[in-house]
Amino acid sequence: AVDDVVRAVVAEHIDGLDEYFLAVLNSYIYQIRQISMDQTMSMILSAIREEVLQQVTERLPPHIQLVQKLSETSDETEWAELIGQCFGMDPDYVDAVEGIVRGDEEEVPATTAPKAGGDD
């Protein structure tokens with residue numbers, strides 16, 4: 001219930017929420033966590049912060065969204081899958097890229113590798 005209200009209110013005001021809003025919000029969250037026994041307000045403010053960040057991320061260009069997703073993981077398999085999804089790569093090619101990231105000695109399958117010069 002609270003999540004739905006937060007989502008709706010943030011969506012209504014997203015154009016007026018900037019980095020200063022997030023800085024003040026983070027400061028309030030920190031202060032409440034330090035001085036209050038009841039963390040309800042901190043949890044609500046944290047939900048607002050996460051929703052703002054989510055909605056801002058959704059508005060970013062696709063290549064920036066990809067960089068954001070890549071920065072959220074250190075798992076090479078997930079990296080390869082994200083990059084493969086982004087470029088619509090054949091799953092076999094994604095597996096080969098994953099092997100290259102890990103340092104395996106696998107060759108890139110010739111049938112799935114993109115052509116460098118376009119049509120021949």
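**View 1. The whole protein and its surface.** The protein exposes about 8900 Å², and carbon and sulfur atoms supply 56% of that area. Accessible areas here come from the Shrake-Rupley method with a 1.4 Å probe, and for residues only the protein chains shown count as cover. Please keep in mind that this is a predicted model, where local features need pLDDT of at least 70 and side-chain atom pairs count only at pLDDT 80 or more, while totals for chains, interfaces and linings use all residues. Residues are numbered from 1 along each chain as its sequence is written, and side-chain values use heavy atoms, with hydrogens and water left out. Helices (H or I, at least four residues) and strands (E, at least two) are DSSP runs, numbered from the N terminus. Of the 120 residues, 22% count as buried; buried means under 20% relative accessible area, exposed means over 50%, and partly exposed is in between (1.4 Å probe, protein chains only). Among contacts (heavy atoms within 4.5 Å) between residues at least 6 apart in sequence, 34% join residues at least 24 apart.

**View 2. The largest nonpolar core.** Here you can find Val6, Val10, Ile14, Leu22 and Val52, the 5 residues of this core. A nonpolar core is a set of buried Ala, Val, Leu, Ile, Met, Phe, Trp, Tyr and Cys residues joined through side-chain atoms within 4.5 Å. Not counting residues up to four places away in sequence, Val6 touches Ala47, Ile48 and Glu51.

**View 3. Val52 in helix α3.** Look for Val52 in helix α3. Is Val52 buried or exposed? Val52 counts as buried because its relative accessibility is 1%. Leaving aside neighbours within four places in sequence, Val52 is in contact with Val10, Ile14, Leu17, Phe21 and Leu22. Val52 and Ala11 are 41 residues apart in sequence, and their C-alpha atoms are 8.3 Å apart in space.

**View 4. Ser46 and Val56, also in α3.** Helix α3 holds Ser46 and Val56. Ser46 has 11% relative accessibility, so this residue counts as buried. Apart from neighbours within four places in sequence, Ser46 is in contact with Ile29 and Arg33. Val56 has a relative accessible area of 33% and is therefore partly exposed.

**View 5. The largest pocket.** The largest pocket has a volume of about 200 Å³. On a 1 Å grid over the protein atoms alone, a pocket is an open set of points where a 1.4 Å probe fits, with protein on both sides within 12 Å along at least five of seven lines, and lining residues have an atom within 4 Å of a point. Grid points are joined across faces, edges and corners, and the volume is the space filled by probe spheres set on the points. Around the pocket you can pick out Leu53, Gln54, Thr57, Glu58, Leu60, Gln65, Gln68, Lys69 and Glu72. Two elements, α3 (40–59) and α4 (62–71), each give two or more residues to this lining. Helix α3 gives the most, with 4 residues.
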